[in-house]
Amino acid sequence: MPSIIARGAYGHDAIRYPIKALTYVLARPSLWRIVLRVACIGGTLAMLILVLLFATALKPQAELISPNLEWWAWLVAVLLVLLESAIATGLLLVVSQSKVQTKLFVATMRMEGQWRENEMVAQSTIKDFNLIKKAFLVRVVTFPIQLIPVVGGAIYSAINATFTGWDYMDRYFDAIKLPSRLQRVEVFGADKSDCSALFYSSTYDVDNEYARFGFMVGFFESLPIVGSVVFPLTNAVAAALFASDIERAGGPSCLQENGGSTIMKT
């Protein structure tokens with residue numbers, strides 16, 4: 001049986017990077033100032049959206065559910081407003097935080113001495129603002145699970161772990177110009193499409209580096225209030241720490257198995 005706490009293929013257990021990123025950011029003023037500023041803006045935005053929806057959408061939805069405004073109609077309306085608020089806030093935060101995440105990612109890799117200035121490229125602005133994440137439909141369908149405090153977030157994170165991990169490490173793969181075919185080999189262990197990978201047990205293997213990393217990333221971001229405001233920023237730092245260890249190990253294992261060549265067709 002695989003160990004829950006294991007030494008990763010790149011020297012450290014990938015599940016620890018999101019935790020390590022918290023102390024890493026706090027110890028570096030140039031990073032925590034960025035995180036604090038953007039988090040404050042995000043928190044204010046989230047609160048405004050929540051207040052606005054409760055003020056304008058709660059009663060109309062309760063009346064739509066039950067014209068007599070019975071107690072259970074109010075309860076359902078509250079849940080709907082919370083869900084709508086989470087979706088609206090999430091979409092706006094993704095747009096506002098994406099560019100900052102790339103900035104934090106590059107800055108962290110430079111601090112670690114692993115950003116190769118003449119070889120690596122920062123993720124493009126267009127890619128930064130891409131809202132359609134990997135396995136998008138599965139994430140949309142499983143999103144309401146997060147309404148269950150903590151436990152729901154853990155279940156959601158486990159289901160989407162590998163794809164969440166891949167999304168965050170996409171900045172590194174883009175930086176080294178890793179073709180999408182080799183990205184799939186690196187993440188899944190084989191060249192599988194996103195759809196087919198959903199049905200392979202290896203995608204959810206507890207020893208999958210990207211699943212372990214993605215689970216903790218997703219779990220942190222599912223936490224109430226701070227989850228969508230603070231952790232997407234610190235998780236970008238976590239991805240950079242993970243990427244730095246991959247660089248120290250000689251690069252992604254898929255390249256080592258292919259003789260280190262990145263000139264391959266997607």
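Visitor: Which helix is glutamine 183 found in?
Guide: Glutamine 183 sits in helix α8, which covers residues 180–188. Keep in mind that this is a predicted model.

Visitor: Okay, and is glutamine 183 buried or exposed?
Guide: Glutamine 183 is buried, because its relative accessible area is 6% and the cut-off for buried is under 20%.

Visitor: What does glutamine 183 touch, leaving out residues up to four places away in sequence?
Guide: On that count, glutamine 183 is in contact with Trp166, Asp170, Phe173, Asp174 and Leu178.

Visitor: Let's zoom out. How many helices and strands does the protein have?
Guide: There are twelve helices and zero strands. Read from the N terminus, the elements go α-α-α-α-α-α-α-α-α-α-α-α.

Visitor: How much of the protein counts as buried?
Guide: The protein has 266 residues, and 45% of them count as buried.

Visitor: And what about the accessible surface?
Guide: That comes to about 13400 Å², and carbon and sulfur atoms account for 68% of this surface.

Visitor: New topic: how many disulfides are there?
Guide: The structure has zero disulfides.

Visitor: What about cysteine 254, buried or exposed?
Guide: Cysteine 254 counts as buried, because its relative accessibility is 1%.

Visitor: And how accessible is cysteine 40?
Guide: Cysteine 40 has a relative accessible area of 44%, so it is partly exposed.

Visitor: Last one: of contacts between residues at least 6 apart in sequence, what share joins residues at least 24 apart?
Guide: In this protein, that share is 71%.

Note on methods:
Residues numbered from 1 in each chain as written. Predicted model: local features only at pLDDT ≥ 70, side-chain atom pairs only at ≥ 80, totals over all residues. Heavy atoms only, no water. Helix = DSSP H or I, 4+ residues; strand = E, 2+ residues; numbered from the N terminus. Buried < 20%, exposed > 50% of the residue type's maximum accessible area, 1.4 Å probe, protein only. Contact = heavy atoms within 4.5 Å. Areas by Shrake-Rupley, 256 points an atom, 1.4 Å probe, with all protein chains shown as cover. Disulfide = S-S within 2.5 Å.
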